[in-house]
Amino acid sequence: MYMQFNMNLPGLESVIVTKMEELEGDFYLHIKLPVKKHRCPACGERTSHVHDYRIQKVQHLKLFERTSYLFYRKRRYVCTCGKRFPEKNQVVGRYQRHSKEWNQALGLRVIQGKNFKDTAGQFRTSQTTAIRRFDQLAATSLKEVDTLPPVIAIDEYKGDTTEGKYQVIIANGETGVPLDILPNRSVRTIKKYLAKKGSQVKMVVMDMSYSFKSAVQKALGNPIIIADRFHFCRYIYWALERVRRRVQKEFHDYDRKKCKRMKHIFYKRYEELSSKQHWYLDRYLGLSEDLRQAYGLKEAFRSWFEGAKKVGTKDLGEVKQGLYNYYKQVEKAGLDEFIKAAGTLKNWQAEVLNSFAFDYNTGFVEGLNNQTKVIKRNAFGFKRYDRLRLRVLLHHQFKNLDFQVG
Ligand SMILES: [Zn+2]
């Protein structure tokens with residue numbers, strides 16, 4: 001088979017394919033470049049005098065789902081001055097075992113793909129090569145943030161890296177795009193970072209962590225602090241969870257196990273329960289007055305929360321009054337679990353109310369946490385903090401690039 005034509009294959013637009021063969025499921029492409037006048041690197045004269053050829057074998061992109069190799073017939077020219085030099089080419093670098101296109105595709109894939117192992121498999125190379133390629137590319141590809149935007153979100157993040165179990169993620173509070181991951185959650189680290197990059201920050205959305213608050217206030221003066229809704233609602237759901245666990249211990253064996261298995265019905269919106277779920281709910285609430293009270297407090301909180309979302313930006317006074325009423329309900333019920341949760345809300349009341357006054361929702365931080373869990377679970381090589389940081393941040397920068405090679 002002889003095919004002297006320019007194949008429209010990625011990375012091979014400028015070459016002549018002289019032969020293409022299939023061997024044990026792989027493709028072998030024999031290629032060369034057209035003869036062209038070259039300028040001699042020694043004397044500057046132009047020459048197209050061929051001295052000799054050498055075959056360089058490199059791995060190339062997958063073609064039609066098969067690994068392909070290039071047999072590149074690399075030409076050397078000779079000048080009248082005696083200088084011998086290789087032709088210029090866009091196909092492969094010196095001493096490389098892979099084509100330039102392959103390296104580029106692998107680079108994008110290690111940034112976008114889920115893990116190194118699958119990527120290495122797709123490119124028929126080792127994980128070490130994939131990781132090395134990632135390290136080469138990642139640091140130079142990432143656009144580092146110089147100045148943080150006016151609204152930022154801070155959240156703890158279980159990265160479980162070589163720097164420690166917890167990291168801190170800083171995201172744009174309006175778009176949800178992650179901007180940075182700090183190596184640890186110490187006040188000192190956060191303070192230093194914010195002091196350096198936070199001159200424009202006006203609002204900070206965060207979970208209820210005193211050390212975050214202290215770091216923010218020390219570094220930024222007095223920005224508006226907004227408690228993240230997901231985080232403060234969780235205290236109420238945790239309280240309900242604790243009551244359920246406490247009381248179900250007293251249930252008979254069958255009910256105890258079944259109640260545990262059916263626990264989701266306690267958290268689901270009342271109006272969304274099926275008739276079967278209603279039946280179970282009634283059964284367990286009938287078995288324990290504490291559980292009935294706890295469930296009522298959860299629903300009361302939810303009703304306050306839904307209302308606050310609607311009127312918050314217009315009538316914060318009403319939202320505040322609703323919260324005071326809620327505290328009273330909690331006291332009246334007298335359940336320790338809820339008294340504690342309400343205590344946390346009281347300590348963060350200004351920040352909680354701010355979340356309705358300014359209507360910022362940061363559910364995306366949770367999404368980010370989940371997404372990164374997936375990255376870590378699949379990934380060998382992301383144990384290192386610097387790699388995980390680059391991987392997560394780059395993933396967002398490259399997210400919209402659609403790339404389908406390899
Ligand atoms: Zn010369």
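Strands here are DSSP runs of E, at least two residues long, numbered from the N terminus. I kept that in mind while reading this predicted model.

**Entry: a surface patch**

V35, V50 and Y53 make a nonpolar patch of about 220 Å². I then asked where V35 lies. I found V35 in the loop between β2 (26-32) and β3 (38-39). Is V35 exposed or only partly exposed? Its relative accessibility is 49%. Exposed means over 50%, so V35 counts as partly exposed.

**Entry: charges over rings**

I went back to Y53, a member of that patch. The charged end of R73 sits over the ring of Y53. I noted 3.9 Å from there to the ring centre. I also looked up Y327. K346 lies over the face of Y327, at 5.0 Å from the ring centre.

**Entry: aromatic pairs**

How many aromatic pairs does the model have, counting rings with centres within 6.5 Å? I noted 19 aromatic pairs. One of them is Y280 with Y284, and this pair is stacked. The ring centres are 6.2 Å apart, with 20 degrees between the planes.

Why are Y280 and Y284 separated by about one helical turn? They are four residues apart in helix α9 (residues 275-287), so about one turn separates them. I checked burial too. Y280 is buried, and Y284 is buried as well.

**Entry: an aromatic cluster**

Last, I looked up a group of rings. F232, F301, W304, F305, Y326 and F356 form one aromatic cluster.

Definitions and conventions
Residues numbered from 1 in each chain as written. Predicted model: local features only at pLDDT ≥ 70, side-chain atom pairs only at ≥ 80, totals over all residues. Heavy atoms only, no water. Patch = residues over 30% accessible without salt bridge, like charges linked within 9 Å, V, L, I, M, F, W, Y side chains within 5 Å. Areas by Shrake-Rupley, 256 points an atom, 1.4 Å probe, with all protein chains shown as cover. Salt bridge = Lys/Arg side-chain N within 4 Å of Asp/Glu carboxyl O. Buried < 20%, exposed > 50% of the residue type's maximum accessible area, 1.4 Å probe, protein only. Phe/Tyr/Trp six-rings, centres within 6.5 Å; stacked < 30°, edge-to-face > 60°. Lys NZ or Arg CZ within 6 Å of the ring centre and 35° of its normal.
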